[in-house]
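Biologist: Could you take me through this one? I would like to start with the overall layout and then go into some of the side chains.

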Amino acid sequence: LQWAKEEEPLNILVDGSEQRVRVWLHTLPMAENRPIAEVLLLSHDWFEERTGETIYPNPMTRRKVLQFYSLWNQAVAKLIARHKPSVFHCPDYHTALAPLYAQPSHPNLRLLLVLHNAEYQGGVSTDMIRGSKLRHVARIFHLPEELVQKHL
């Protein structure tokens with residue numbers, strides 16, 4: 001990406017395994033002495049194996065899909081903590097957990113959650129999260145079991 005500046009990578013724990021996510025920053029042209037916007041791009045094998053035909057990991061109940069969303073939300077949260085935006089726009093459920101991860105380092109973050117497709121929001125059955133499986137889901141998402149239980 002010759003038009004973007006590579007930032008420090010993100011090291012993220014997913015399901016007990018450390019993952020490294022590469023980050024690039026592209027600043028759009030200036031207007032009135034400040035950037036119009038900054039665009040952050042993330043790179044990881046899990047993100048790049050999707051295609052135009054399969055933008056949503058499928059099926060939604062597989063461990064790999066949960067790992068994908070864990071990595072994505074933790075990466076977004078680390079970028080929120082790093083760049084400290086005044087408002088974070090959560091486009092659909094894909095990034096809805098990111099503020100949960102970012103909250104300790106950015107407690108005053110304002111949120112805007114927009115659900116674009118109310119008919120299908122990629123629902124994940126919670127039967128795989130309850131009971132003895134709660135511990136596994138908490139490990140995948142690198143969250144305390146109590147926090148996962150609280151938000152079921």
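This is a predicted model: local features need pLDDT of at least 70, side-chain atom pairs count only at pLDDT 80 or more; totals for chains, interfaces and linings use all residues.

Biologist: Fine. How many helices and strands does the protein have?

Modeller: The protein has 5 helices and 7 strands, where helices (H or I, at least four residues) and strands (E, at least two) are DSSP runs numbered from the N terminus. Along the sequence they follow the pattern β-β-β-β-β-α-α-β-α-β-α-α.

Biologist: And what share of the residues is buried?

Modeller: Of the 152 residues in the protein, 36% are buried; buried means under 20% relative accessible area, exposed over 50% and partly exposed in between, with a 1.4 Å probe and protein chains only. As for contacts (heavy atoms within 4.5 Å), residues 24 or more positions apart account for 46% of those with a separation of 6 or more.

Biologist: On to charges, then. How many salt bridges turn up in the whole structure?

Modeller: A search finds 5 salt bridges, each being a side-chain nitrogen of Lys or Arg within 4 Å of a carboxyl oxygen of Asp or Glu. One of them joins the side chains of Arg22 and Glu6 at 2.9 Å, N to O. Arg22 belongs to strand S2 (residues 17-27) and Glu6 to strand S1 (residues 5-14), so this pair ties together parts that are 16 residues apart in sequence.

Biologist: How accessible are Arg22 and Glu6?

Modeller: Arg22 is partly exposed at 37% relative accessibility, and Glu6 is partly exposed too, with a relative accessible area of 38%.

Biologist: Which residue does Asp15 pair with in a salt bridge?

Modeller: The side chain of Asp15 meets that of Arg139 at 3.8 Å, N to O. Asp15 sits in the loop between S1 and S2 and Arg139 in helix H4 (residues 134-141), so the bridge ties together parts that are 124 residues apart in sequence. Asp15 is buried, with a relative accessible area of 14%, whereas Arg139 is partly exposed at 48%. Asp15, Arg63 and Arg139 are also linked in a network of salt bridges.

Biologist: What else does the side chain of Asp15 make a polar contact with?

Modeller: Its partner is the side chain of Gln67, at 2.7 Å; a polar contact is a pair of N or O atoms within 3.5 Å, where within protein one must be able to donate a hydrogen and the other to accept it, and residues adjacent in sequence count only if both atoms are side-chain atoms. Not counting residues up to four places away in sequence, Asp15 touches Arg63, Gln67, Arg139 and Ile140.

Biologist: Now helix H2: what span should it have, and how far apart are its ends?

Modeller: At 1.5 Å a residue, the 21 residues of H2 (residues 63-83) should span 30 Å, and its end C-alpha atoms are 30 Å apart, which agrees; the expected span is 1.5 Å times one less than the number of residues. Just after H2, Lys84 takes a positive phi of about 50°.

Biologist: At what angle do H2 and H4 pack?

Modeller: They pack at about 40°, with their axes 8 Å apart; axes are lines fitted to C-alpha atoms, for helices over the stretch in contact, and angles run from 0 to 180 degrees between N-to-C directions. H2 and H4 are therefore oblique to each other, since angles under 35 degrees count as roughly parallel, over 145 as roughly antiparallel, 65 to 115 as roughly perpendicular and the rest as oblique. Arg63, Leu66, Gln67, Tyr69, Ser70 and Gln74 in H2 meet His136, Ile140 and Phe141 in H4.

Biologist: Is Gln74 buried or exposed?

Modeller: Gln74 is buried, with a relative accessible area of 6%, and its side chain makes a polar contact with the side chain of Ser70 at 2.9 Å.

Notes:
Residues are numbered from 1 along each chain as its sequence is written. Side-chain values use heavy atoms; hydrogens and water are left out.
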